Amino acid sequence: MPNALLALMAVFVPLSLVTIGGGQSAIADMQRQVVEVQHWMTQAQFVDAFAISRMAPGPGSLLVTLIGWHVAGFWGAVVATLAIFGPTAFMIYGVAHLWSRYEGARWQRALELGLRPVAAGLILAAVYVLMLTLDGGWLARLIALASTGALMLTRINPLALIAIGAAIYIGLHAALPA
Amino acid sequence: MAEAPSHPRMAHRQLAKHGGAQDDAPGKGGIFRDSASGRLTMSETSPPHPSALQLFLIFSRIGLTSFGGGLSGWLLREFVEDRHWMSEEEFLNGLAISQALPGVNVKNMAIWIGYRLCGRWGAIAGFTGIIVPPAILIILIAVGFTTLERFDITHLALDGAAAAAIGLSLSMGLTAARRVPRRLVPLLVMVATFVAVGVLRLPLVWVVLGLGAFSVALAYARL
């Protein structure tokens, strides 16, 4: 079904180019394209796929892999994944290459120093938004803060941290009156 | 030779469990790991140039275990804090570039790290490792989703994991903030970015282009 594959590319390649600062910014547009324009999924199916992409480990943008799979099976998944991750991969590759080549150049130091506060602001803003929208209210926020403290003060392994966080959350949820 | 000549890998496991190991999780050896059983100390100093295969396995492992999100934080932990293969500064430079360029941050970061550590093949290893194994897994999860979703505990576990994973992002954000030059303009740019994106919810593209260009131009003039 080459038509479906082409359509997947036509939707996801342009989306991949506008995802500055992470894939989350493209979700709303993706939903519009997939549900309202292309009618590849119903709203409920899209919401399910979104939930799965949040549940699964790995990049959240693998949501597109699920959409591709839904539209055209194996090759749909492959094409959609390459469409969202591929084009910009060459861009960062080229920049990484130039970076090593012109190590220490003035423009490079300027970019490093100049982008640093922007990067820090972006990460903290993302955390802030996540904190506001976290399912589970104050309990979840408390766990987020405790986890931050544990990471900064100890050498705990992230996987252990996540497992402990999930276990504590389940435990407290069971212990506290709803 | 005196220390654990017969079970170098077991020793690694122990070290890894106690969180003191610079080196490896079980099963993924440093280049020097098994060169001689007596050279345990040698294997503890991390190899400066990991192989592409080793990078692929590390990125795959992170891709397959990073429940709750916050992948860049996992990468910082792995490559800077645990293995010391990159300096904090080098990592944060890459992160800033990854965020300023279009594309999914984590993927950009994986290519950046892979390239810095192992050239072209490292970049390919980073890209494929962080995407392909989790892409396969997510399809498997989708197939089992209706079963998984029926259990309340699935939702609770995922909410808890997502909460704990915020810690990875927040601690990375604090590390990045600590590295911002302590001068008025950079600090203002950081706060302005935070407010524009976090509070006002302005489109990222314009914030990065606007504040980024301003900040880089000033940095250039200062150098």
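Me: What average pLDDT does chain A have, and which of its elements has the highest mean?
Reply: In chain A, 95% of the residues score at least 70, and the chain averages a pLDDT of 89. Among its elements, helix α3 (residues 43-55) of chain A has the lowest mean pLDDT, 87. The highest mean, 95, belongs to α4(A).

Me: Which helix of chain B has the lowest mean pLDDT?
Reply: Chain B averages a pLDDT of 81, with 78% of the residues scoring at least 70. Over residues 1-45 of chain B the pLDDT is below 50, although this stretch has 59 contacts in the model beyond near neighbours in sequence. Where pLDDT is low, the predicted coordinates should not be read in detail. The highest mean among the elements of chain B is 96, for helix α3 (residues 52-65), and the lowest is 37, for helix α1 (residues 8-17) of chain B.

Me: How many helices and how many strands does chain B have?
Reply: From the N terminus on, the elements of chain B run α-α-α-α-α-α-α-α-α. The count for chain B is therefore 0 strands and 9 helices.

Me: What percentage of the residues in chain B is buried?
Reply: A residue is buried when its relative accessible area is under 20%. Chain B has 223 residues, and the buried share of them is 52%.

Me: How are α1(A) and α2(A) oriented to each other?
Reply: Two packed helices are described by the angle between their axes and the distance between the axes. The axes of helix α1 (residues 2-17) and helix α2 (residues 27-37) of chain A come within 11 Å and cross at roughly 170°. Angles over 145 degrees count as roughly antiparallel. The orientation of α1(A) and α2(A) is therefore roughly antiparallel.

Me: How many nonpolar residues are in the contact of α1(A) with α2(A)?
Reply: From α1(A), the residues A:Val11, A:Phe12 and A:Leu15 take part, meeting A:Asp29, A:Met30, A:Gln33 and A:Val34 in α2(A). These residues divide into 1 charged, 1 polar and, as nonpolar, 5.

Me: Is A:Thr88 buried or exposed?
Reply: A:Thr88 is found in helix α4 (residues 63-101) of chain A. Leaving aside its neighbours within four places in sequence, A:Thr88 is in contact with A:Ser16 and A:Leu17, and also with B:Pro102, B:Gly103, B:Lys107 and B:Asn108. Its relative accessible area is 0%, so A:Thr88 is buried.

Me: Why does A:Glu112 count as buried?
Reply: Helix α5 of chain A holds A:Glu112. Not counting residues up to four places away in sequence, A:Glu112 touches A:Trp99 and B:Asn93. The cut-off for a buried residue is under 20%. A:Glu112 counts as buried because its relative accessibility is 6%.

Me: What is the relative accessible area of A:Leu111?
Reply: A:Leu111 lies in helix α5 of chain A. Leaving aside neighbours within four places in sequence, A:Leu111 is in contact with A:Trp99 and B:Val216. A:Leu111 is partly exposed, and its relative accessible area is 26%.

Me: How far apart are the end C-alpha atoms of helix α6 (residues 137-153) of chain A?
Reply: The buried residues of α6(A) include A:Leu139, A:Ile143 and A:Leu151. They pack against α5 (106-133) and α7 (158-175) of chain A together with α4 (71-82) and α7 (152-178) of chain B. At 1.5 Å a residue, the 17 residues of α6(A) should span 24 Å, which agrees with the end C-alpha distance of 25 Å.

Me: How many of the 13 residues of α5(B) are buried?
Reply: Among the buried residues of α5(B) are B:Phe91, B:Leu92, B:Asn93 and B:Ile97. The buried residues pack against α4 and α5 of chain A together with α4, α6 (105-149) and α7 of chain B. α5(B) is mostly covered, and its number of buried residues is 10.

Me: Which residue with a positive phi follows α8(B)?
Reply: The buried residues of α8(B) include B:Pro186, B:Val189 and B:Met190. What covers the buried residues of α8(B) includes α5 of chain A together with α7 and α9 (204-222) of chain B. With a phi near 55°, the residue that follows α8(B) is B:Arg201.

Technical notes:
Residues are numbered from 1 along each chain as its sequence is written. Chains are lettered from A and ligands numbered from 1 in the order in which they are written. This is a predicted model: local features need pLDDT of at least 70, side-chain atom pairs count only at pLDDT 80 or more; totals for chains, interfaces and linings use all residues. Side-chain values use heavy atoms; hydrogens and water are left out. pLDDT is the predictor's confidence in each residue, from 0 to 100. Helices (H or I, at least four residues) and strands (E, at least two) are DSSP runs, numbered from the N terminus. Contact means heavy atoms within 4.5 Å. The expected span of a helix is 1.5 Å times one less than its number of residues. Buried means under 20% relative accessible area, exposed over 50%, partly exposed in between (1.4 Å probe, protein chains only). Axes are lines fitted to C-alpha atoms, for helices over the stretch in contact, and angles run from 0 to 180 degrees between N-to-C directions. Angles under 35 degrees count as roughly parallel, over 145 as roughly antiparallel, 65 to 115 as roughly perpendicular and the rest as oblique. Ala, Val, Leu, Ile, Met, Phe, Trp, Tyr, Cys and Pro count as nonpolar, Asp, Glu, Lys and Arg as charged, and the others, Gly among them, as polar.
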